[in-house]
Amino acid sequence: MTISSRLRRAALVLVPALALVGLAGCSPTAASDADSSGAWSYTDDTGTTVKLDEQPKRVASFADYALGLHGNGIDPVAVFGRVDVATDKRFADDDLGDTAIVGNSYGEIDLEALAEAAPDLIVTGIYPTDRDGTLDLKGPYYGVADVEQQEQLEKIAPVVAIKVGGKGADVIASLNKLSEALGADEDTIAAAKEKYDAAAADLTAAAKETDLEVTQMYADASGIYVVKPQDEPETELYSELGVKYTNANPDGYYYWDIYSWENAGQAMTGDVLLVNVEGFQQSDLEAQATFASHPALVAGQIHSWNTAALDYTSQAKQMETLAGILRESKAL
């Protein structure tokens with residue numbers, strides 16, 4: 001398998017996975033309009049405009065964005081994810097009793113169950129194909145198996161996409177923009193931002209206090225994939241807040257630095273390991289002879305990690321978790 005094909009494979013499965021000052025001045029305005037008859041329109045991050053007779057009330061969403069919508073007071077009627085939604089810890093505080101779970105694996109969507117949920121709108125994401133933010137508008141959106149499946153979704157309800165690339169601030173603003181267009185209360189978002197600001201300030205303090213290097217990665221039988229912090233919105237956001245990430249080749253391949261197990265020693269610089277929940281975990285890594293001696297692994301400074309939704313509520317919790325991890329860890 002070539003590097004480029006390995007990169008694409010990993011990105012399809014995982015790419016999900018701000019400056020504090022920039023966010024403080026951010027007050028997103030919904031790109032939607034309602035005329036005197038109540039008609040609704042919304043232009044998403046791909047430039048696609050959806051027009052409906054009225055504001056959508058029933059929204060279906062890919063899990064990553066369903067979490068963000070829920071945090072802003074919009075409860076999706078249906079959710080599809082890349083892992084089992086019922087056991088996804090990110091939903092631990094959410095009541096899914098009235099939500100139809102229509103997909104528990106990437107690209108596997110029960111179209112009949114989705115149709116039965118009768119959404120007015122379907123929300124998913126789109127990832128750039130490069131560092132310049134280029135969008136492939138001919139391919140399927142994130143969470144969708146292929147173009148044919150996306151066409152089936154569009155027969156059920158219009159689909160809008162959130163661009164998930166570049167600055168974390170931009171993704172949060174996009175999610176807020178859509179939430180407000182769907183009727184989210186501005187006070188709810190403002191209250192969430194207060195908690196976000198406090199968590200962001202504390203993460204900055206923790207990063208400064210500890211001065212630790214964090215390696216965020218995914219691993220499987222083929223090798224190690226280390227996230228490039230400027231290419232993943234969440235790590236870009238935390239970098240701006242002062243967290244120091246492993247970043248050996250900032251100008252190399254987009255999104256990942258990829259190491260075979262034979263070259264795993266090149267990826268052993270971090271004080272803390274954040275390993276993607278969908279790949280190898282601690283015992284698997286300890287079984288790899290070329291990686292078992294990693295100081296962070298030996299010290300037990302390894303944590304399963306799942307990228308959080310890019311909304312104020314989800315990110316406040318995520319930043320609190322990371323601040324705690326940094327403070328309980330030591331330099332190696």
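**Close-up views of a predicted model**

**View 1. Arg131 and Asp231 form a salt bridge (2.8 Å, N to O).** Arg131 lies in the loop between β7 and α5 and Asp231 in the loop between β10 (223-227) and α8 (233-240), so the contact ties together parts 100 residues apart in sequence. A salt bridge is a side-chain nitrogen of Lys or Arg within 4 Å of a carboxyl oxygen of Asp or Glu. Asp231 is buried at 4% relative accessibility, and Arg131 is partly exposed at 41%. Buried means under 20% relative accessible area, exposed over 50%, and partly exposed in between (1.4 Å probe, protein chains only). Helices (H or I, at least four residues) and strands (E, at least two) are DSSP runs numbered from the N terminus.

The model is predicted: local features need pLDDT of at least 70, side-chain atom pairs count only at pLDDT 80 or more, and totals for chains, interfaces and linings use all residues. Residues are numbered from 1 along each chain as its sequence is written, and side-chain values use heavy atoms, leaving out hydrogens and water.

**View 2. Lys177 and Asp45 meet in a salt bridge (3.5 Å, N to O).** Lys177 belongs to helix α6 (residues 168-181) and Asp45 to the loop between β2 (40-43) and β3 (49-52), 132 residues apart. Lys177 is buried at 13% relative accessibility; Asp45 is partly exposed at 26%.

**View 3. Strand β7 (residues 121-126) has 6 of its 6 residues buried.** Leu121, Val123 and Gly125 point one way, and Ile122, Thr124 and Ile126 the other. β7 pairs in the parallel sense with β8 (residues 159-163) over 5 bridges, where pairing requires at least two DSSP bridges between the strands. Gly125 stands opposite Ile162 in β8.
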